[in-house]
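Dear colleague,

Please find below the structure that I am passing on to you. My notes on it follow directly after.

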Amino acid sequence: MLFLYAALWRAGLIPRVLAVVGLVTCALQITGVPLRALLGYPVVMEMAVPLGPAYAGLGLWLIVKGFGERREAALDRAVP
């Protein structure tokens, strides 16, 4: 999911704020759950909770806005 948010940010397909929130919440989840468990520390589930609303926000944005407009514009530029 971290790479998905980074790719969506890089491509400009979602608002930058939504992409940054997704990147931050993914980083929190990575450091709070699997990394701590791997190092033998107790898991901090509170660091994974913000990822849920970030996923919901991304899903809602894609359902409402989609990729249509920018995809068509990119195709128009690519076709000679």
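Leaving aside residues up to four places away in sequence, Thr 25 touches Pro 50, Leu 51 and Ala 54, where contact means heavy atoms within 4.5 Å. The model is a predicted one, in which local features need pLDDT of at least 70 and side-chain atom pairs count only at pLDDT 80 or more, while totals for chains, interfaces and linings use all residues. Residues are numbered from 1 along each chain as its sequence is written, and side-chain values use heavy atoms, with hydrogens and water left out.

The chain has five helices and zero strands; helices (H or I, at least four residues) and strands (E, at least two) are DSSP runs, numbered from the N terminus. Thr 25 lies in helix H2 and is buried, at a relative accessible area of 7%. Buried means under 20% relative accessible area, exposed over 50%, and partly exposed in between (1.4 Å probe, protein chains only). Of the 80 residues in the chain, 20% are buried.

Besides Thr 25, the buried residues of H2 include Leu 18, Ala 19, Gly 22 and Leu 23. The buried residues of H2 pack against H1, helix H3 (34-39) and helix H4 (51-64). The end C-alpha atoms of H2 are 24 Å apart, which agrees with the 24 Å that its 17 residues should span at 1.5 Å a residue; the expected span is 1.5 Å times one less than the number of residues.

The largest nonpolar core has 10 residues, among them Tyr 5, Leu 18, Leu 23, Leu 51 and Leu 58. Such a core is a set of buried Ala, Val, Leu, Ile, Met, Phe, Trp, Tyr and Cys residues joined through side-chain atoms within 4.5 Å. H2 provides the largest share of this core, four residues. Tyr 5 touches, among others, Ile 14, Leu 18, Cys 26 and Leu 58, not counting residues up to four places away in sequence.

Trp 9 belongs to helix H1 (residues 2-11) and counts as partly exposed, because its relative accessibility is 32%.

Finally, residues 24 or more positions apart account for 51% of the contacts in the chain with a separation of 6 or more.

With kind regards
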